[in-house]
Amino acid sequence: MCPRSASVNEELRRRSKERLLQAAVELVGERGFEATTLGDIADRAGSARGLVSYYFPGKRQLVQSAVHRLMHRTLEEALEREPRTDDGGERMARAIDAILGLARDRPVLMRQHMAGLLQAEGFVPCPEQRRLAELLRDTVARHGSRDVDSDYPMLRALLMGAVYAALVPGVPMPVPVLRAELFKRYRLDWEMGVPPDTATPSGTDDSDLSRFFATGAGAEDTAAPGREPEARP
C-alpha cells in the first residue's frame, strides 16, 4: 500500500478536528459540560482519544471553540441568507435574532458556554472566536457606527447579557422581551430579522448541525478508510 501524501494527511487531520468540534457541541447540548468527558467526545467523533489533546489543551478549550464555531456559522448563515441585503438595520436585526435564537433553541449548550466564560480563562483565543468577532464588528460598522472599537464591545456585552437573562435558572426572561429591548436600542423595526413565531427561513434545519462542520469525506480519503491521521504538528 502506498503511503498517503502530505496533503491527504492534512485533510484527514482537518476533518478529525471538525468531527471533534461537532461531537463536542452535540454532547454538551445533550448532557451538559460536566457530564461530558473527552473520551465521550472522541468516541462520538470516531477519533482516537489521543487526538483530542493533540488539537486542544483541554475540554473547556475544545467546547468553547466548538460553541464559537456554532455561533459564528449561525450568525454568518443568518446574515447571508436570501434575500441578501446590505441594509445595516436588517443585518443588525438578523444578528440579534441569530444569537437569541441559539439561547432559545439550545439552552443547555448556551448555558454551559456562558458559565465557561465566567471561569478564570475567560474567552479562549481561537480562530472561531476571532471570526465571530469579525462578523459582529462588520455588523456594527454597516449599522452606521462611527466608533466600531467602542460599539462592538457594547453589542457583544448586550448580546451576552441577553443570552444570560434568557437562560438564568428560575427567573429566565422571555426572548421576545429581550429582543424588543435590543431592537429599541438599535432603532430597528419589529418586522426586521426573524420576528418571534416566524417560520424558520427556507433552506435551514435547526436540528442538523453538520452543515456547520466540514466533516464530509473527500475523494482522496477513499484510499485509506477508517485510518486516523498521525498526530504531527
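**Briefing: helix packing and confidence in a predicted model**

The protein chain has a mean pLDDT of 86, and 85% of its residues reach 70 or more; pLDDT is the predictor's confidence in each residue, from 0 to 100. This is a predicted model, in which local features need pLDDT of at least 70, side-chain atom pairs count only at pLDDT 80 or more, and totals for chains, interfaces and linings use all residues. Residues are numbered from 1 along each chain as its sequence is written, and side-chain values use heavy atoms, with hydrogens and water left out.

**Confidence**
- Helix H9 has the highest confidence, at a mean of 98, and helix H1 (residues 6–31) the lowest, at 86. Helices (H or I, at least four residues) are DSSP runs, numbered from the N terminus, as are strands (E, at least two).
- Residues 218–233 stay under 50 in pLDDT. The model has 29 contacts beyond four places in sequence for them, a contact being heavy atoms within 4.5 Å.

**H4 against H5**
- Helix H4 (residues 59–80) packs on H5 at an angle of about 140°, with the axes 9 Å apart. Axes are lines fitted to C-alpha atoms, for helices over the stretch in contact, and angles run from 0 to 180 degrees between N-to-C directions.
- H4 and H5 are therefore oblique to each other. Angles under 35 degrees count as roughly parallel, over 145 as roughly antiparallel, 65 to 115 as roughly perpendicular and the rest as oblique.
- Contact residues include Leu70 and Met71 in H4, and Arg91 and Ala95 in H5.
- The residues of this H4 and H5 contact divide into nine nonpolar, one polar and three charged. Ala, Val, Leu, Ile, Met, Phe, Trp, Tyr, Cys and Pro count as nonpolar, Asp, Glu, Lys and Arg as charged, and the others, Gly among them, as polar.

**H5 against H9**
- The axes of H5 (residues 88–105) and H9 (residues 175–185) come within 11 Å and cross at roughly 155°. That makes H5 roughly antiparallel to H9.
- The crossing of H5 and H9 is also right-handed.
- Among the residues that meet are Ile96 and Asp97 in H5, and Leu178 and Arg179 in H9.
- The H5 and H9 contact has seven nonpolar, no polar and three charged residues.

**Backbone details**
- A cis peptide bond links Glu82 to Pro83, with omega near -5°. Pro83 sits in the loop between H4 and H5.
- Arg187, in the segment after H9, has phi near 55°, a positive value in a residue other than glycine.

Terms used: Left-handed = near helix turned anticlockwise from the far one by under 90°.
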